[in-house]
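Please examine the structure below with attention to its charged pairs, its aromatic contacts and its pockets. The paragraphs that follow take these topics in turn.

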Amino acid sequence: MTFVYINDEFVDESEGKVSYTDRGYNFGDGIYEYIRIYDGNAFTAKEHFERLFRSAKEIGLNLEDYTVKSLTELIEELAEKNNVKNGGVYIQVTRGVAPRNHPFPEASTKPVFSAFSKSYERPYDELENGIKAITVDDIRWLRCDIKSLNLLGNVLAKEKATQSDAGEAIMHRDGIVTEGSSSNVFAVKDSKIYTHPANNLILNGITRRVINEIANELNIPFVEEPFDVEFLKSADEVIVSSTSIEVMPVIQVDDTFISNGTVGKITKELQKSFNNYIESNIEKIF
């Protein structure tokens, strides 16, 4: 049996259903997080759930009945029930079930929590050899700092990457690189790491924050300022990061090979330090 969590209980996945009037289904009116599990351990759960509460506050979603601790215990139980040793837990919160109407429903409407887990291994081959990326226009809304369910722009970008046999689509607004369809983007130039500022145009990824922290420990300058597609393609190294893909080297952007199609020195240093960070910052589940 595979368990999912929905409406305050763990049920078999075949019974995990939501109402057709759920506002997440009708409007994308909700938020989510994804927490990585390494060897039966939760990684940076606290940071993920703190961001979940920030997203909730930004959209006026009341989560007063929940805490970082209670949600961490929830994912721990779900991962253990499904024996997820390596993989992740997805958790989603919508504004609840109510008649379809654009304004917020009555304050008594209870948010709907749901969560599922899945097993998979780390992407070792890609981490060692790198991936190809393409560039696309960033057509999303202007509050990308909120981890909302409104992901159609991201989905279209990722599909374009897939059709181009690429691992990621790097988005830009009027030529200024923002982030990937499901990742943050970094350009390494002259031994400095450049990335877009953590403002409303990008999601301040948890892995992005870890990279910032370990870069500081390695005395590698971490420069948060906008750069354009030309700068990206002329970079010494390019990296994309996320909870799922970790510190992922990009060896080709469109038709341009980065560092002659090889993984760069700073990327390898970050990957090594990231592995050490995982070992030092995981919470045992089972």
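In this predicted model, K46 and E50 form a salt bridge in which the closest N and O atoms are 2.5 Å apart. The two residues are four positions apart in helix α2, so about one helical turn separates them. K46 is partly exposed, its relative accessible area being 49%. E50 is likewise partly exposed, at 37% relative accessibility.

Helix α2 also supplies a partner for a contact across the sequence. The side chains of E58 and R143 meet in a salt bridge with an N to O distance of 2.8 Å. Because E58 belongs to helix α2 whereas R143 sits in the loop between β7 (131-137) and α5, this pair ties together parts that are 85 residues apart in sequence. E58 has a relative accessible area of 35% and is therefore partly exposed. R143, at 27% relative accessibility, also counts as partly exposed.

What is the burial state of E246 and R122, another salt-bridged pair? Both E246 and R122 are buried, and the closest N and O atoms of their salt bridge are 2.8 Å apart. This pair links distant parts of the chain, with E246 in strand β14 (residues 246-253) and R122 in the loop between β6 and α4 (124-129), 124 residues apart. The count for the model comes to 16 salt bridges. Side chains of opposite charge can pair when their charged atoms come close.

Aromatic contacts form the next topic. A pair of aromatic rings is described by the distance of the centres and the angle of the planes. The model has 10 aromatic pairs. One of them joins Y38 and F43, whose ring centres are 5.6 Å apart with 70° between the planes. Why is this pair classed as edge-to-face? The angle of 70° between the planes lies over 60 degrees, which means that the pair is counted as edge-to-face. Both Y38 and F43 are buried. F227 and F231 form another aromatic pair, which is tilted, with 5.4 Å from centre to centre and 45° between the planes. F227 is buried, with a relative accessible area of 5%, whereas F231 is partly exposed, with a relative accessible area of 22%. The assignments follow from a threshold, because buried means under 20% relative accessible area.

The charged end of K81 sits over the ring of F10, at 5.4 Å from the ring centre. R95 lies over the face of F104, and here the distance to the ring centre is 3.6 Å.

The remaining topic is the empty space between the atoms. Rolling a probe the size of a water molecule over the atoms shows where empty space is left. The largest pocket holds about 780 Å³ of space. Its lining is made up of 35 residues, and Y32, K147, S181, S182 and S183 lie nearest the centre of this pocket. Several elements give two or more residues to that lining, namely β3 (30-38), α2 (45-58), β6 (112-119), α5 (152-163), β9 (176-180), α6 (206-217) and β13 (237-242). Sorted by class, the lining of the largest pocket contains 12 nonpolar, 15 polar and eight charged residues.

The second largest pocket contains about 280 Å³ of space. It is lined by 15 residues, of which N62, E106, A107, T109 and P111 lie nearest its centre. The classes in the lining of this second largest pocket are six nonpolar, four polar and five charged residues.

Strand β9, one of the elements that line the largest pocket, also contains V177. V177 is buried, with a relative accessible area of 1%. Between V177 and I239 the separation is 62 residues in sequence and 13 Å in space, taken from C-alpha to C-alpha.

How values were computed:
Residues numbered from 1 in each chain as written. Predicted model: local features only at pLDDT ≥ 70, side-chain atom pairs only at ≥ 80, totals over all residues. Heavy atoms only, no water. 1 Å grid on protein atoms, 1.4 Å probe; cavity = no way out; pocket = protein on both sides within 12 Å on 5 of 7 lines; lining within 4 Å. Points joined across faces, edges and corners; volume = space filled by probe spheres on them. Nonpolar A, V, L, I, M, F, W, Y, C, P; charged D, E, K, R; others polar. Salt bridge = Lys/Arg side-chain N within 4 Å of Asp/Glu carboxyl O. Buried < 20%, exposed > 50% of the residue type's maximum accessible area, 1.4 Å probe, protein only. Phe/Tyr/Trp six-rings, centres within 6.5 Å; stacked < 30°, edge-to-face > 60°. Lys NZ or Arg CZ within 6 Å of the ring centre and 35° of its normal.
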